[in-house]
Amino acid sequence: MTSSDLPTLLLVDDEPDILLSLEGLLRREFRLFTAENGTDALQIVQAESIQVILSDQRMPDMMGDELLAQVARLSPATIRILLTGYADIQDVIRALNTGGLYRYLTKPWDLDELKSVLEDAVELYSQHQRREDLNREKMKFAEDILAFLQTLPISDEVTALIDRGNRLMTLEATNT
Amino acid sequence: MSTPESERIKILIAEDSVTTRTALSGMLNSWDYDVCEVADGAQAWQEFDKEVYRIVLTDWQMPDVDGLELIRRIRAKENTGFVYTILLTARSATSDVVSAMADGADAYLIKPAEPEELRARIRAGVRIVKLERKLERRRQELLDVRTRILEAEKLAGIGQLAAGMAHEVNNPIAVVSGNIDVFARGIQSLLEILDSWEAVREETQIPTEVLQRIDDISQRNDLSWLRESLPRYLHTTNTNVQRVRDIISRLQDFSWHDKAQIDRIDPVQAVETTIAVLGSELARAHVTVERSFEPVSSFTCHPPEFNQAVYNVLHNAIQASSPGDKVDIGIQESDGTLTILVADRGPGIPEQDRSRIFQPFFTTRRVGAGSGLGLSYSHRVIRESGGSISCSPRTGGGTVFEISIPVSSQSTAAE
């Protein structure tokens, strides 16, 4: 497996030592990106396809829960995890409600727990991805069928199927 | 009601005329006062220096130290408490009386003193002296309370400080323990690489002098020691960092920091946490804990307060124990009541103190050793959660504290 095949993980913490430590622990399993503040993190999220983001809660420019809420808007597929030394229940609740938090971890982390939570997150991301691929494939199929139907001689059955197909296309367009 | 000896008010009489002096002391004795009589001001001053007199009855005109001078000296003396002074005088001019009062006399009597008037003056003096004593006692009590409140605030501050410190330590500990894992994996990798090199050592065409140089470096750095020992060093480092992490997490569990203020807790787990927090205290006192825990239902409470309440009872038991003693802790549940028993093998609590042991500021320890607030806090917290706490003598010596909390009615109310 080359490094580009690894799942992408963005680590955000205002303490460079924490980032260094996490890099040392996770470099083999993930393609890592790091940011020391929320602003840099958002730039990376927009530039790269980030599968999982692990963010500290207390940072000077932007709180973790706020960052995750913005990531949820910019890149909804990214799985969001909060890492916090201050297990402030209020912050976690806010992150759950506004940032679509997947899990939260406390500092100091337990290596096994950290890894299993990250692996689960990657698996969830892949599941979402697979479901989306499948859905896209289904829609493509439906489109092809619809195009084919329009070449057929008109009959009540054919018209009804074309109507159903058009309704499905409209629904899909409004949903995404 | 008889007045205790220390509470009796002694009266000093200074009068140079034997007849007057004898008449005065005769009257005062007949009214059951303790009297000391002297013949002049100088003697009175000497006597006043030796003994505590709260009422002084003095003639004005005396050789050397006269009555006014005596009163002035008494007023100037420190730490006497209030002294009620009555000046005896033949003079009755208003100006004389005013000047006597200005010099500090509290009352005056015209000679020869009428018995009833003397008695009234003395009674007025006794009333004032008693009031002053009461005031002084109250002042002392307030001072005590103030000291204890300051002490309690200080303790609360230390608790907050500990919780705050635990927070601050989390980040560096995360870095240290994370890096240890990085080192462990890194060393493992390096050894793996080294092993694979050594495996091919014989097969490859490496010049002998190069091999020799590599062997020298290996020997100088004691490669076999490194192989054997580095994992051990890592292991003990990890174990000890884990200990620090445990201490911090216990501190946080105990103060229930950052957690919901009302929660369901498992009493056995809560008591275990409290025992762990008191671990170093137990070790220092050479006291061991004997557990007899039955599985009990969880219940809803204010966890930090409940923990502190149990902590105080257990702390008290440790302080009552001697080195080598055991403290029994029992947890059981029957008929919807959770019972926590803490039994020490200490000297026991005298019966007359048993009702007072849960009162604030009651302590049998020397000043400064205990705030006298611990058990009263436990009492308040347990009572507020609908339970009760009591103590009784333990068979074979010592004291058993029993905490009872209704749990079944509470759980139906909470769910």
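**Figure 1. The largest nonpolar core of the predicted model.** The largest nonpolar core comprises 34 residues, and those with the most contacts inside it are A:Leu9, A:Leu10, A:Val52, A:Ile53, A:Ile81 and A:Leu82. A nonpolar core is a set of buried Ala, Val, Leu, Ile, Met, Phe, Trp, Tyr and Cys residues joined through C-beta atoms within 7 Å. A residue is buried if 20 or more other C-beta atoms lie within 10 Å of its own, exposed if 12 or fewer, and partly exposed in between, with C-beta atoms placed from the backbone. This is a predicted model, in which local features need pLDDT of at least 70 and side-chain atom pairs count only at pLDDT 80 or more, while totals for chains, interfaces and linings use all residues. Residues are numbered from 1 along each chain as its sequence is written, and chains are lettered from A and ligands numbered from 1 in the order in which they are written.

Figure 2. Leaving aside neighbours within four places in sequence, A:Ile81 is in contact with A:Val52, A:Ile53, A:Leu54, A:Tyr102, A:Arg103, A:Tyr104, A:Leu105, A:Val117 and A:Ala121. Two residues are in contact if their C-beta atoms, placed from the backbone, lie within 7 Å. A second, separate core of 31 residues includes B:Leu338, B:Ile340, B:Ile389 and B:Ile403. In soluble globular proteins, nonpolar side chains tend to be buried together.

Figure 3. Chain A contains 6 helices and 5 strands, in the sequence pattern β-α-β-α-β-α-β-α-β-α-α. Helices (H or I, at least four residues) and strands (E, at least two) are DSSP runs, numbered from the N terminus. Of the 176 residues in chain A, 30% are buried. A cis peptide bond joins A:Lys107 and A:Pro108, with omega about -5 degrees. A:Pro108 is located in the loop between strand E5 (103–106) and helix H5 (111–150) of chain A.

Figure 4. Chain B has 13 helices and 12 strands, and 24% of its 415 residues are buried. Among contacts in chain B between residues at least 6 apart in sequence, 68% join residues at least 24 apart. The peptide bond from B:Lys111 to B:Pro112 is cis, with omega near -5 degrees. B:Pro112 belongs to the loop between strand E5 (107–110) and helix H5 (115–200) of chain B.

**Figure 5. Two aspartates of chain B with positive phi.** Although B:Asp64 is not a glycine, its phi is positive, at about 60 degrees. B:Asp64 is found in the loop between strand E3 (55–59) and helix H3 (67–76) of chain B, and counts as exposed because it has 10 C-beta neighbours inside 10 Å. B:Asp335, also not a glycine, has a positive phi of about 50 degrees. The loop that holds B:Asp335 runs between strand E9 (326–334) and strand E10 (337–343) of chain B. B:Asp335 has 6 C-beta neighbours inside 10 Å and therefore counts as exposed.

**Figure 6. Packing of helices H2 and H3 of chain B.** The axes of H2(B) (residues 41–50) and H3(B) come within 9 Å and cross at roughly 20 degrees, so H2(B) is roughly parallel to H3(B). Axes are lines fitted to C-alpha atoms, for helices over the stretch in contact, and angles run from 0 to 180 degrees between N-to-C directions. Angles under 35 degrees count as roughly parallel, over 145 as roughly antiparallel, 65 to 115 as roughly perpendicular and the rest as oblique. B:Gly41, B:Ala44, B:Trp45 and B:Phe48 in H2(B) meet B:Gly67, B:Glu69, B:Leu70, B:Arg73 and B:Ile74 in H3(B).
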